[in-house]
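Open the model in your viewer and keep the selection tool at hand. This tour tells you what to pick next and what you will find there.

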Amino acid sequence: MTSEEMRAKIAAGQGFIAALDQSGGSTPKALKGYGVEEDAYSNDEEMFGLIHQMRSRIITSPCFSGEKVIGAILFEKTMDGDVDGKPTPAALIERGIVPFIKIDKGLEDERDGVQLMKPIPGLDELLTRAKDLGVFGTKERSVINQANEAGIAAVVGQQFEVAIQVLRHGMMPIIEPEVNIKSADRAQSDALLRDEILRHLDRLPEGEQVMLKLSIPAEAGLFDALTKHPRVLRVVALSGGFSRSEACEQLAQNPGMIASFSRALLSDLRHQQSDEEFDKTLGGAIDEIHAASVA
């Protein structure tokens, strides 16, 4: 796929984006969910080797194809690794799946009810390397825990600042200001976030577009103005701690949003499953998430 073909697939593809981007702090939890205990590895290199094996198994599964999975977000080490003897982005593109890379380095401590992104040293070099490998876009995450106007404004401002740096490299940024679904004032946070994003979208240079990865709103349809905005290529939803069935049920009530699930996609996969069991389990999850995304 050319860059324009990838853009067209993400803009109009009837499917969802898989999030395979668990990084340092979340990798042990992801492995444990996969049935690999911490005593199975003794250092970070072995840990990342095991998570890469899991992701390779997913990517090479017959059901993981561009028919229903239109994109996949990778961790940097996964991007730099090989699948089936090819660089991971090339292996995805061969299957009709558009590759993205997670670029944030984790979260700062909470302030004003939010957690900003930590600094991202060497971002220009990472973007250059990723684009050379055929990666189409990026993803960057921050978190909103309270409906604090100053905090939400700071989160969105930082997200768009990084997004503009990504755009300068000719890549597509996915902006992810996650609203904590356990927040007592979640609905108010959703509304403040929508309005702040709209303000920044209207300031983008003519012809530029970004993507948004958002928590499913407490009020169905609240993000319609974002899904229809000319400077938004696509709005995708994170599962945010909901079970897969809960996330799919809520997503289906928000036409215009498609899934970009991680835990909700992978939750039933186990290291101990036979290839047949693994493929059947993954295929069932893909079918359920795809149906909710195209509802």
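Start with the aromatic rings: the model has two aromatic pairs. Rings of Phe, Tyr and Trp (its six-membered ring) pair if their centres lie within 6.5 Å; planes under 30 degrees apart are stacked, over 60 edge-to-face, and the rest tilted. Select Phe-100 and Phe-136. They form an edge-to-face pair, 5.7 Å centre to centre with 85 degrees between the planes. Phe-100 sits in strand S5 (residues 98-102) and Phe-136 in the loop between helix H6 (123-132) and strand S7 (137-144), so the pair ties together parts that are 36 residues apart in sequence. Helices (H or I, at least four residues) and strands (E, at least two) are DSSP runs, numbered from the N terminus. Both Phe-100 and Phe-136 are buried. Buried means under 20% relative accessible area, exposed over 50%, and partly exposed in between (1.4 Å probe, protein chains only).

A note on the source: this is a predicted model, where local features need pLDDT of at least 70, side-chain atom pairs count only at pLDDT 80 or more, and totals for chains, interfaces and linings use all residues. Residues are numbered from 1 along each chain as its sequence is written, and side-chain values use heavy atoms, with hydrogens and water left out.

Next, select Arg-57 and Phe-278. Arg-57 lies over the ring face of Phe-278, at 4.1 Å from the ring centre. The rule asks for NZ of Lys or CZ of Arg within 6 Å of the ring centre and within 35 degrees of the ring normal.

Move to helix H10 (residues 244-251). Arg-244, Ala-247, Cys-248 and Leu-251 are buried here. They cover an arc of only 95 degrees around the axis, which puts them on the same side of H10. The arc is taken from the directions from the helix axis to the C-beta atoms. These buried residues pack against strand S10 (232-238), strand S11 (257-259), helix H11 (263-266) and helix H12 (275-294). Contact means heavy atoms within 4.5 Å.

Cys-63 is partly exposed at 23% relative accessibility, while Cys-248 is buried at 7%.

Finish at Ser-262, in the loop between S11 and H11. Ser-262 is buried, with a relative accessible area of 18%. Beyond its neighbours within four places in sequence, Ser-262 contacts Ala-19, Gln-22 and Ser-239.
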